Amino acid sequence: QMCIRDSFNIDADEDQLIDVIEANRVYIPCIYALNKIDQITIEELELFERVPHYVPICAGLEWNLDELMERIWKYLDLIRIYTKPKGQLPDYNAPVVIPRTRRTIEAFCGKLHKQLIKEFKCAVVWGKSVKHIPQKVGKDHVLEDEDVVQIIKRVKCLPRTCLLYTSPSPRDRQKSRMPSSACKKKKKKKKKK
């Protein structure tokens with residue numbers, strides 16, 4: 001164990017070194033939530049400071065739960081993005097949670113719906129990630145924690161079919177300018193008479 005510490009300047013034992021070399025184990029960060037701190041003395045609490053990655057809490061009295069939440073967000077490396085429907089206030093009750101490594105508008109749209117990026121025109125963003133509040137951005141814009149985003153979709157231009165009825169011209173008595181479906185209905189009415 002001394003050889004590993006001296007050579008690699010890390011605090012690991014032989015098994016951990018072999019696991020890393022063989023790549024058959026993944027070590028992820030963890031948080032130790034030490035509960036019931038209301039029942040221990042200050043001296044005992046100071047002993048826990050030697051433990052890495054710990055947060056002292058008291059769940060019964062709800063002490064220090066905010067710090068635990070902040071530490072969880074920090075360790076998971078997630079950000080919260082709030083949505084804003086057009087003409088309404090932002091929805092701060094249900095944020096869209098995305099990893100900090102994939103925090104572009106394109107990834108945000110993919111989290112909402114996989115077809116949304118195909119209809120994407122631009123986004124309006126309020127928050128730390130923009131210079132001006134609000135600001136129109138493209139799909140490559142990088143978001144920050146607690147930004148507010150409104151997605152603007154492209155308007156699909158559908159072919160307009162308009163049935164316009166024009167009365168027959170006095171110069172053209174043999175051909176009608178009515179749509180063919182209207183002509184068929186007129187012929188049927190004549191047959192019934």
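Tutor: Before we look at this predicted model, we need one rule: a residue is buried under 20% relative accessible area, exposed over 50%, and partly exposed in between.

Student: Which class does glutamate 62 belong to, and what makes it so?

Tutor: Glutamate 62 has a relative accessibility of 60%, and the exposed class begins over 50%, so glutamate 62 counts as exposed. Its place is in the loop between strand 2 (54-56) and helix 4, and its phi, near 60°, is likewise a positive value in a residue other than glycine.

Student: What makes the contact of aspartate 145 with arginine 80 a salt bridge?

Tutor: In general, side chains of opposite charge can pair when their charged atoms come close. The rule asks for a side-chain nitrogen of Lys or Arg within 4 Å of a carboxyl oxygen of Asp or Glu, and the closest N and O atoms of aspartate 145 and arginine 80 are 2.9 Å apart, so the pair is a salt bridge. Aspartate 145 lies in the loop between strand 6 (135-137) and strand 7, whereas arginine 80 lies in strand 3, so this pair ties together parts that are 65 residues apart in sequence.

Student: Is aspartate 145 buried or exposed, and how do you know?

Tutor: Aspartate 145 has a relative accessible area of 16%, and the buried class lies under 20%, so aspartate 145 is buried.

Student: Which residues are linked with arginine 80 in a network of salt bridges?

Tutor: Arg80, Asp145 and Glu146 are linked in such a network. The side chains of arginine 80 and glutamate 146 meet in a salt bridge at 3.3 Å, N to O, a value that lies within the limit of 4 Å. This pair also links distant parts of the chain, with arginine 80 in strand 3 and glutamate 146 in the loop between strand 6 and strand 7, 66 residues apart.

Student: What is the position of the charged end of arginine 80 relative to tryptophan 73?

Tutor: The charged end of arginine 80 sits over the ring of tryptophan 73, 4.7 Å from its centre, and the distance part of the rule asks for a value within 6 Å.

Student: How many salt bridges are counted in total, and how do you know that arginine 103 takes part in one?

Tutor: The count comes to six salt bridges. One of them joins arginine 103 and glutamate 144, whose closest N and O atoms are 3.0 Å apart, again within 4 Å. Arginine 103 lies in the loop between strand 4 and helix 5 (105-112) and glutamate 144 in the loop between strand 6 and strand 7, so the pair ties together parts that are 41 residues apart in sequence. Arginine 103, at 21% relative accessibility, counts as partly exposed, and so does glutamate 144, at 27%.

Student: How many aromatic pairs does the rule give, and what is the geometry of the rings of tyrosine 82 and tyrosine 92?

Tutor: The count comes to one aromatic pair. The ring centres of tyrosine 82 and tyrosine 92 are 5.0 Å apart and their planes stand at 65°, so the pair is edge-to-face, given that centres must lie within 6.5 Å and planes over 60 degrees apart count as edge-to-face. Tyrosine 82 lies in strand 3 (residues 78-83) and tyrosine 92 in strand 4 (residues 91-99), so the pair ties together parts that are 10 residues apart in sequence. Tyrosine 82 counts as buried at 10% relative accessibility, whereas tyrosine 92 is exposed at 51%.

Student: How do you know that strand 3 and strand 7 are paired?

Tutor: Pairing requires at least two bridges, and three bridges join strand 3 to strand 7 (residues 147-153), so the two strands pair; they run parallel. Within strand 7, valine 148 stands opposite tyrosine 82. Strand 7 is also joined by six bridges to strand 5 (residues 120-126), and these two run antiparallel, with glutamine 150 as the bridge partner of valine 124.

Terms used:
Residues are numbered from 1 along each chain as its sequence is written. This is a predicted model: local features need pLDDT of at least 70, side-chain atom pairs count only at pLDDT 80 or more; totals for chains, interfaces and linings use all residues. Side-chain values use heavy atoms; hydrogens and water are left out. Rings of Phe, Tyr and Trp (its six-membered ring) pair if their centres lie within 6.5 Å; planes under 30 degrees apart count as stacked, over 60 as edge-to-face and the rest as tilted. Helices (H or I, at least four residues) and strands (E, at least two) are DSSP runs, numbered from the N terminus. Buried means under 20% relative accessible area, exposed over 50%, partly exposed in between (1.4 Å probe, protein chains only). A charge sits over a ring if NZ of Lys or CZ of Arg is within 6 Å of the ring centre and within 35 degrees of the ring normal.
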